[in-house]
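Please go through this model one region at a time.

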Amino acid sequence: MTTLMSTTLEELKFHDKVDQEGLHLVSIPEIVKDDRKLNVTAADLTVSEPITIEKIKEKVAIYGGAIVRNFIAEEDCDQMLADLRPYIDAQGVTDDLQNFLPPTTARVGRTVLKSKTIAEKFLAHPTNLAVANEFLGRENAFRIGPDQIVTGTSEAQLNSCMAFAVRPGAEDQPLHRDDVIHHNIRRKMETYEFGTETAIGTVLALKRTTKENGATRFIPGSHLWDHYREPSDENAFYAELEKGDAFFMLASCYHGGSANITKDEERVIIILFMTQGTLRQEEMVLLGADLDYLRSLSVEALKAMGLQLSQPFCGHVDNIDAIEYLLPESDYRRPHFKESYKVTA
Ligand SMILES: O=C(O)CCC(=O)C(=O)O
Ligand SMILES: [Fe+2]
């Protein structure tokens, strides 16, 4: 048995006691006192015309998020939704990803492969790329041999591009940080430190989103919080957007999809996350791989090639581990979380 590096497990105190649902209780370490709360309005978060990368960057660094109105033309949004419609409608009530998403929420992954408009008009939107590079791009000089320095740039790349259709009856998704996928352990910051982010997302409304129909809510300022500070809905800001509006948000910000209390409104957004260009394998070994060849390999080999889900959530295909996706008949299963515990005093 190998030991894995952990900077958090040894800080926790695990109890034998269980709660009503059978979850074991756990105590978290004391954190540096932090009762900062940011009360923001839509006006605070909205970037004024003319839209510039600097203005977006400034708001995102202060609040963790920024709204850009009329980011994508309405007709392009309509095209994106038309491209995704068959995939959304094909999803009934699905499994609940270990209670992470309400079972009434349809999610469609790999949307840039399903809609050219999403790839060209959203992913490759110059503002999307420029903002991502402000937070995630790298440029460095490296020593090679005794007397040579070389330089290189690493630009941000696509991390995920899932569409989420929150249907009537959906309940609040729990507040979470999306950079858990990168095991990004954050400590309290007074002001934002550039270089600490592993991903930045852009929420695009394909239809009007409101507090009632399930707008993404987020906790302004939570990108500066310690790993263990408790997120609560008390200070949530609901990113209410018109079709075509965008909401940029750091992956280190607490957020979640919200309950849809309407009778018949479907809320559809795409969240496109960009990540550091370095967060990948050196060789693109799997590009063009023959799936039958992969199926002929052992699970151990497939795992080591990078097909095993990195818990939590990183490297899934349509929400499941890629090995399970390749070998649906096998009894191989890798859930999103290893274990769940209930926080206690
Ligand atoms: O549906 C939403 O608004 C947010 C979804 C989300 O944050 C997630 O699944 O990670
Ligand atoms: Fe999320």
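The paragraphs that follow describe parts of a predicted model.

This is a predicted model, in which local features need pLDDT of at least 70, side-chain atom pairs count only at pLDDT 80 or more, and totals for chains, interfaces and linings use all residues. Residues are numbered from 1 along each chain as its sequence is written, while chains are lettered from A and ligands numbered from 1 in the order in which they are written.

Around ligand 1 stand Leu-101, Phe-164, Val-166, Gln-173, Asp-178, Thr-216, His-255, Gly-256, Gly-257 and Ile-269; a residue belongs here if its C-beta atom, placed from the backbone, lies within 6 Å of the molecule. Two or more residues of this shell come from each of strand S7 (157–166) and strand S12 (255–256). Helices (H or I, at least four residues) and strands (E, at least two) are DSSP runs, numbered from the N terminus. By class, the shell has four nonpolar, five polar and one charged residue. Ala, Val, Leu, Ile, Met, Phe, Trp, Tyr, Cys and Pro count as nonpolar, Asp, Glu, Lys and Arg as charged, and the others, Gly among them, as polar.

Helix H3 (residues 74–89) packs against helix H4 (residues 116–123) at an angle of about 145 degrees, and their axes are 9 Å apart. Axes are lines fitted to C-alpha atoms, for helices over the stretch in contact, and angles run from 0 to 180 degrees between N-to-C directions. On the H3 side, Asp-76, Gln-79, Met-80 and Asp-83 meet Thr-117, Ile-118 and Lys-121 of H4, where contact requires C-beta atoms, placed from the backbone, within 7 Å. Two nonpolar, two polar and three charged residues make up this contact.

An open sheet of three strands, with mixed pairing, has the order S1-S2-S16; two strands pair if DSSP finds at least two bridges between them. Strand S1 (13–18) and strand S16 (341–344) are at the edges with a single partner strand each, so one side of each has no neighbour in the sheet. Strand S2 (residues 24–27) runs parallel to S16, joined by four bridges, and Val-26 is opposite Val-343 in S16.

Leu-302 lies in helix H7 (residues 299–307). Why is Leu-302 partly exposed? Leu-302 has 19 other C-beta atoms within 10 Å, and a residue is buried with 20 or more, exposed with 12 or fewer, and partly exposed in between, C-beta atoms being placed from the backbone. Glu-230, in the loop between strand S9 (217–218) and strand S10 (237–238), counts as exposed because it has 10 C-beta neighbours inside 10 Å.

Key:
Contact = placed C-beta atoms within 7 Å.
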